[in-house]
Amino acid sequence: MNRSSYLRSSYLRTLPALIPCLALILGTGLASPRPAAAQTGDAVLGGFLGAGGGAFVTAGLIAGDALRGRYILNPGDLGWRMAPVPLGAAVGAFMGARNGRRLHSSLAWGTGGWVLGMAGGALAGALLEGSEEAVWTGVLVGGAVGLVAGSVAGALAWSGDGGVDPTLALQVAAPW
Amino acid sequence: MIYLAGDAGDVPREDSPLLQALRRDVEAWSAALPPRVPVVLLFLGDNVYPEGVRPRPSRSFPADSARLAGQVWAGSGPAARTHGTRVVFVPGNHDWGNRGGAEGRARLENEARLLEEMGDDGRITLEPTPGELGPALLDLSPAVRIAFLDTHAWLLEERDAVRAAALAELERLLSDTHAATDAAPLIVAAHHPLVSAGPHGARRGWGPLAWLHRAGAMLQDLNSAPYRELRRSMRDVFRRTGAPLIWAAGHDHVLQVHRSEGTDLPRWSLGSGSGSKVSGVGDADPDDALLWAAGRPGYMRVIFLTDGGARLEVMTRVGKEASFVPTFAVTMR
């Protein structure tokens, strides 16, 4: 199988994750209650940073696999590990379009979780094995976990009035 | 006389000043030396980019075979054929199609079959046999003996017994070399180096990809767990039996010369991996004893002298000239 076939099969494997994201994006475009300019700005910000965060999560997945002795030999092996990139972009864009302040809360908490996760992971790597490789593996895995946990917690925590909102209602508007 | 060129499989010969210069060089020495003096051209892996030799019905097969044919051409001029100059290819990770198992081995077998067809009665070969770790021995005594390893197969091999058997055989070769006072020096030729100041060895850069390199999460980097195990195993053998004179490898797309005074590394570790691609040189580990390095196209030649020593010359292209000239030279003892 050549490189293009591998990339094609890799994208096909991420398709199940992409379908709900595409649906969310479509719904966002058709039923947002916010002014268009603010919606666009936060959607772009959310999409861009969501993709970046997704890339870091992908790196964490790769490092976690290497811990278990499984290595990426060629780009086609990435497969489902690439899913966090479009998923992060879609969720970030959707959140930005729907509610910029919820997005900002998610970004703030996500950044804090990312930094704490990297630090904790580095410490764990240093204590458990002590090699430079173990420390950097901890940075990647811990950072990925912290980033996801923080981002989700930040999105859930925002309630519009500064208090904690125990539920998150995702409104998906479809044209039909 | 041994030529070392690695990672040369990215361009056909028409687009490669290096292959053209290498052919002129090989022809000149093959014509000048008597037949009893061996001339060997070693291609140190990644002989066919990007994914080895794909199956014959594939649309990519003509391009793959052209990349291999260019390297064969470099060692197949009239003088080389008359002299009996050997051309030996070692497998690299790209020759395995950057994969393992039966699929990767099939790519390697395609390459071996193609070399057999280009053939010339066994003058041009792939060593070791596809799927085997090695060592496969080419005995050119009294000048030199060359042991070929497939280090990509080694990195992927999960069976301890298979690795142990290969190590035991290498240990036996090294013991024979060091036990006899008049034994020919042993050169190990493999794709992966034991030390490197290139991108696979040196820590450089910033961002998630650089961090993956630092974490040892990329199999082809010297700090991945399987690669560290390969290096550790080799160094243990060298401590017990004595190290080979030279470990010749490609993999990193730089030219580099390491000289070690220790007992656990080869006296000379030569990196000749800029046959068709070039990378930058990073900060080498101080323990790796880097003597010289450059990130530019080139190849090496090792001339064995009648007094038992050898002379290394690194041939690189200066400016836009087509000729490759000796840029670094050292006497190897």
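This is a predicted model: local features need pLDDT of at least 70, side-chain atom pairs count only at pLDDT 80 or more; totals for chains, interfaces and linings use all residues.

Colleague: Why is S76(B) called buried?

Modeller: Its relative accessibility is 17%. Buried means under 20%, so S76(B) counts as buried.

Colleague: What makes the pair S76(B) and R123(B) a polar contact?

Modeller: Their side chains come to 3.0 Å. The limit for a pair of N or O atoms is within 3.5 Å, so this pair qualifies as a polar contact.

**Between the chains**

Colleague: On to the interface. How many residues are in contact there?

Modeller: On the chain B side 26 residues, and they touch 19 residues of chain A. The two chains bury about 1,900 Å² between them, with 60% of that on carbon and sulfur atoms.

Colleague: Why give an area at all for an interface?

Modeller: Because the size of an interface is often given as the accessible area lost when the parts come together.

Colleague: Which side chains form the salt bridge, and how do you know that it is one?

Modeller: R228(B) and E133(A), at 4.0 Å from N to O. The rule asks for a side-chain nitrogen of Lys or Arg within 4 Å of a carboxyl oxygen of Asp or Glu, so the pair R228(B) and E133(A) counts. The count between chain B and chain A is one salt bridge. For polar contacts across the interface, the rule finds three residue pairs, both partners at pLDDT 80 or more.

Colleague: Which helices of chain B supply that side?

Modeller: α4 (101–118), α7 (208–214) and α8 (225–241) each supply at least two residues. α7(B) gives the most, with four residues. By type, the side of chain B that touches chain A divides into twelve nonpolar, six polar and eight charged residues.

**Confidence**

Colleague: What does the predictor say about the complex?

Modeller: It gives an ipTM of 0.87 and a pTM of 0.88. Chain B has a mean pLDDT of 93, and 99% of its residues reach 70 or more.

Key
Residues are numbered from 1 along each chain as its sequence is written. Chains are lettered from A and ligands numbered from 1 in the order in which they are written. Side-chain values use heavy atoms; hydrogens and water are left out. Contact means heavy atoms within 4.5 Å. Buried area is the accessible area (1.4 Å probe) that two parts lose on being put together, summed over both. A polar contact is a pair of N or O atoms within 3.5 Å; within protein, one must be able to donate a hydrogen and the other to accept it, and residues adjacent in sequence count only if both atoms are side-chain atoms. Ala, Val, Leu, Ile, Met, Phe, Trp, Tyr, Cys and Pro count as nonpolar, Asp, Glu, Lys and Arg as charged, and the others, Gly among them, as polar. pLDDT is the predictor's confidence in each residue, from 0 to 100. Buried means under 20% relative accessible area, exposed over 50%, partly exposed in between (1.4 Å probe, protein chains only).
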